[in-house]
Amino acid sequence: MVDAVQGAGVVVTGAGGGIGAALARRFASEGARVVVNDLDADKAQAVADEIGGTAVPGDASAIVADARAALGGTVDVYCANAGVAFGGPDVADLADDKAWALSWDVNVMAHVRAAGELLPEWLERGSGRFVSTVSAAGLLTMIGAAPYAVTKHGAYAFAEYLSLTYRHRGVKVHAICPQGVRTDMLAATGTAGDLVLKPTAIAPEDVADALFKGMEEDRFLILPHPEVAGYYQARAAEPDRWLSNMNHLQQKWEASR
């Protein structure tokens, strides 16, 4: 994998901290040329300075052209990592159109737009790698966070679509689906995150390690928490039992608030 990454042009969105920063650091340590993107220009620049990369701040939905130019005209690996998390315990939260719209735009449509700009070049040359930071919520769900859970399902479905459609033409796709990761986003999940995610939370660097192992093994689905595979199988095999168990978790959360 070091040979494949050495000298590659890599873009990581949402890389001012958390998983994105860990991915940027890991790619740089393996010899890649890394573009660090984040809405927060100062955070993007700080990570870029640390790893010898290039900061391209701004909306992750619209940075492919600038990132490509910063890399000398070619993007080899695109990590669609930027994400937002909204949700709440009440019915009223389901009617928050702004939260839904932003969740769809960042968690799904930013991936679609990036792929639309990258694919023509990748298909022409027969190579390219798209890395989607999804979440175990995209395979399972998350209590108290409807916009997040639903749009992460969408992000996973889009990554699947890319893989099944273009893998024979040299495009490699990886969907990273961790549970809790010790980031600012986890801290913002409140009591639901404390109950469901915090007990088994891992470091962002563990996610980067899991991705690189998955790339070495040419795997689509990257599970930094291996136990998620069993949960995913149980959900598919016995959906009513799985939903009942999740409802018990929901009730436990409600009782604790």
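**Aromatic pairs and a helix**

Me: How many aromatic pairs are there by the rule?
Reply: The count comes to 3 aromatic pairs, where rings of Phe, Tyr and Trp (its six-membered ring) pair if their centres lie within 6.5 Å. Tyr78 and Phe130 form a stacked pair, 5.8 Å centre to centre with 25° between the planes; planes under 30 degrees apart count as stacked, over 60 as edge-to-face and the rest as tilted.

Me: Which strands hold Tyr78 and Phe130?
Reply: Tyr78 is in strand β4 (residues 77-80) and Phe130 in strand β5 (residues 128-133), 52 residues apart. Strands (E, at least two residues) and helices (H or I, at least four) are DSSP runs, numbered from the N terminus.

Me: What is the basis of the model and its numbering?
Reply: This is a predicted model, in which local features need pLDDT of at least 70 and side-chain atom pairs count only at pLDDT 80 or more, while totals for chains, interfaces and linings use all residues. Residues are numbered from 1 along each chain as its sequence is written, and side-chain values use heavy atoms, with hydrogens and water left out.

Me: Is Tyr78 buried or exposed?
Reply: Tyr78 is buried, at 1% relative accessible area. Buried means under 20%, exposed over 50% and partly exposed in between (1.4 Å probe, protein chains only). Phe130 also counts as buried, at 1%.

Me: Turning to helix α9, which residues are buried?
Reply: They are Pro204, Val207, Ala208, Ala210, Leu211, Phe212, Gly214 and Met215.

Me: And what lies over the face of Phe212?
Reply: Arg26 does, at 4.4 Å from the ring centre. A charge sits over a ring if NZ of Lys or CZ of Arg is within 6 Å of the ring centre and within 35 degrees of the ring normal.
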